Amino acid sequence: MGEWWEPVVRVLVLQAAWALVGGQVRYSVPEEAKAGTVVGRLAQDLGLEAGEAEARRLRLVSQGRRASVEVSGASGALVVSSRLDREELCGKSAPCALRLEVLVERPLRVFHVELEVTDINDNAPLFPTARKNLSIAESSLPGSRFPLEGASDADIGVNAQLSYTLSPTEHFGLDLQRAEEYRESLFLVLTKALDRESLPVHRLVLTASDGGRPSLTGTMELVISVLDANDNAPQLNQSVYKVQLPENAAEGTLVMRLNATDPDVGINGEITFTASNIFPPKGINLFLLNPKSGEIHLTGALDFEDVRSYEIQIEATDRGTPPLSGHCKVVVEVLDVNDNAPEVWVTSLSVPVPEDAAVGTVVALLSVSDRDSGANGRVRCAVWPAAPFGLVSTFAGSYSLVLREALDRERVSEYEVEVRAEDGGSPSLRARRGVRVPVSDVNDNAPAFAQAVYTVLARENNAAGAELARLWARDPDEADNGRVRYSVWEGGVGGVASAGGGWRPASSYVSVDAESGRLWALQPLDYEEVQALQFEVRAVDAGEPPLCGNATVQLFVVDENDNAPALLPAGSGGPGPGASGDAASGPGSVSGALWAWAAWGTPAGQVVAKIRAVDADSGYNAWLRYELWEPRGKGPFRVGLYSGEVSTARALEEADGPRQRLVIVVRDHGEPARSATATLSVSLVEGAEAALAAAGSSSSKAGTGAEGGASAAGAAATTNVWLVVAICAVSSLFLLAVVLYGASRWAPRAGVLSGPGPATLVCASEVGSWSYSQRQSRSLCVTEGAGKSDLMVFSPNFPPPPGPAAKETQPEPPALLDTVSGPPCFASQPFPDAAFCFFLHLSPLALLPSVSLLSRSLGGGNRAEPSDPLSVGAWQVLKNCHGTVSSALTSLLGPLASCCGGELKKGVVALSSSCESWLHIAVLR
């Protein structure tokens, strides 16, 4: 590109030099030259030295419009500053010269510079529109010329000389006429006749090309629509149309639709139908021809007996100029039909019919006729449904509706009887007449309940007057015969035994509404008083005679959790808790204060106390659980969830403090749950102090008043004596047991086992079920007066006797003693060794005086317990060792009983039981 511009610039420089000699500088530059292109060395051409152009401020003077060129300050050259567009600057003018003024200072001088912008082929030919629509008549002759508007080119000279071409077609060509003084003219020439029916639209492309190098082109689409000419007459499908119509065709019936075609379009193809002639003339008012659609409609009634056929002349004409037409004939044949249906009338009706009416009773009289003649006038009649009524023909055209079967109003209360008449025409015509026959009621149905037995569940403590159930007895009769009244039948089996004794009728608990059958409670129901109630309800209608029906109602009372758990007082004696009173703590809960003692160092798992409670409800409402409410977290005590046993969770330490206050909540499983709260105070002391504190607390509860200091001192002295006696008696008994055990071990008896046998005990479990326990050396104690039985087990505190069974016996923590065992059982069969048996039976009797005296001294009967520290401590020690002594007796005498066999074995067992029982009595007293 740079090589092409160099000679051009040289020519321009020469021209400028020549112009300068003449007094004016001229430059030439092609349009669309790039910005920065050097047009000429203006400073040099003006005779300025190097550097003088900048010093004298050589510049262009603006004359109101952008010149698109500027003077470079450093070199003094005239360069292109912006886009040069010749068509924008000069349009179609040629040449395109721009006159510029150049100004220099020191001294001030003005120079005139002429800049010519030359044209390049940068504009393509452009048509006025991209698409031109032409309409040419189908009847136009070949050679017809149609002027077209040519394209324009913004360039000048050769770049603006245009030539035209047309896309290939056999029907059209182009004709371009040029004139020097006028603008060229372009024509579209028809070269072949047009046929709209074969090709209605011609689409051509007109292309214009300029003379530039390279040549540029522009296009325009020609859409030529061929206008129709009326050169086709309407054509009908048939010359004769035949149509058959029944004589009973309704007005407006479409007779036929004429179809004519015309390949022309517009008004040349619009067809109009006309009826030029109708024969016979009376058919003019029977048929109507739609001139646009060609539909022929029936406008009157046809009668086969009057006219059997009609002929209609039809003419189809288009709207062209001149109009063209086509012709045809329509023949309408009338068909005879059975157009008269039979008619049925009810002349007499006797209703309602009683449901006990006799068979053969006449219900209605009917009359049947048909206006047709011949086969179309012969009528056959029938009744539907066929039962329980029938038709009997009395004479021509007359029928009787009679009863054929017995009626039952409860099954069908009303009959819609339809009498059907049919003539002999083809096709036959039918007529129907409906007869409504109601059936009157008689009282022939007793009330019947939906169920023979109703099971009703009622919640406990329901409100008086609350609805329990709705009983409904159905009586299919109507009016008074079906009006039912309800009552509790006192003659039936119903009632319940009251809690206070006697028999109470069901009507004292429930009542039935006579009209609605609503069963409601007369009083709140108490599950603890009555769990189920069975009675009969009678339903009686108001007919003559009245009929009745019965139903049995089984009412079950569903238990509600309306009883809170009740804390039982602690069993007398033992180191267990003692009840100090009950206090209400809100709805549905009961609270009580209990006490117990425990010694420091007590190992984990040691039972300290047992909380006992009962619930008057049943099921889940009476299933109790025990929860330790306070203290929360890891305390020294825990409570059995369902046993209520308070035991140590870990070994007790002095850091636990002198006293622990436990709040135990006894809660049932009802909804909502009810609870009782027990406050257990556990005093933590040393072993001897625990015994003294426990004894002092017991004596303070059992005492009847404050005693003087002198009486307290006397009681202490007496207690000391009896305490020594009791200890000596127990020690003697222990030595005697050891001697007997040694004698049994070294006795010369062969084939006798020396180990204790296991004892099978039947125990009452904590949740009320029974189980068997295979354990050795255990005793069963049953509570006195408690609502539920508890199993108390006393384990020995020393190693078990030798033998295989010793492996099964494991030391257990001493349990809370709160019951008394049953009386001893003695043998009744002959005993071989009378002396030894007598000794065994009298051994507990020998201890009785000492034990009795000790018990009296310790507060037997209603006397106060000892209050001095020494007596209280001894009393507590004796109570604590009672379990150990009794277990030791059982363990030591067991081998002896095994060795003796027979009556001697029974005697040893009786001795052990007697000793344990009397010691137990002494402790409890």
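**Salt bridges**

Reply: Start with a network: salt bridges link Arg409, Glu410, Asp441 and Glu478. Keep in mind that this is a predicted model.

Me: How many salt bridges are there in total?

Reply: The count comes to 29 salt bridges.

Me: OK, Arg196 next. What does Asp228 do with Arg196?

Reply: Their side chains meet in a salt bridge, 3.1 Å from N to O. Asp228 lies in the loop between strand E14 (217-227) and strand E15 (235-236), and Arg196 in the loop between strand E12 (185-190) and strand E13 (201-209), so the pair ties together parts that are 32 residues apart in sequence.

Me: Is Asp228 buried or exposed?

Reply: Buried, with a relative accessible area of 17%. Arg196 is buried too, at 11%.

Me: And which residue does Glu197 pair with?

Reply: Glu197 forms a salt bridge with Arg196, and their closest N and O atoms are 3.3 Å apart. Glu197 counts as partly exposed, at 30% relative accessibility.

Me: Switching topic. How far apart are the closest N and O atoms of Glu295 and Arg257?

Reply: They are 2.5 Å apart, in a salt bridge. Glu295 sits in strand E21 (residues 295-298) and Arg257 in strand E17 (residues 254-257), so this pair ties together parts that are 38 residues apart in sequence.

Me: What about burial for Glu295?

Reply: Glu295 counts as buried, at 17% relative accessibility, because the cut-off for buried is under 20%. Arg257 is partly exposed, with a relative accessible area of 48%.

Note on methods:
Residues numbered from 1 in each chain as written. Predicted model: local features only at pLDDT ≥ 70, side-chain atom pairs only at ≥ 80, totals over all residues. Heavy atoms only, no water. Salt bridge = Lys/Arg side-chain N within 4 Å of Asp/Glu carboxyl O. Buried < 20%, exposed > 50% of the residue type's maximum accessible area, 1.4 Å probe, protein only. Helix = DSSP H or I, 4+ residues; strand = E, 2+ residues; numbered from the N terminus.
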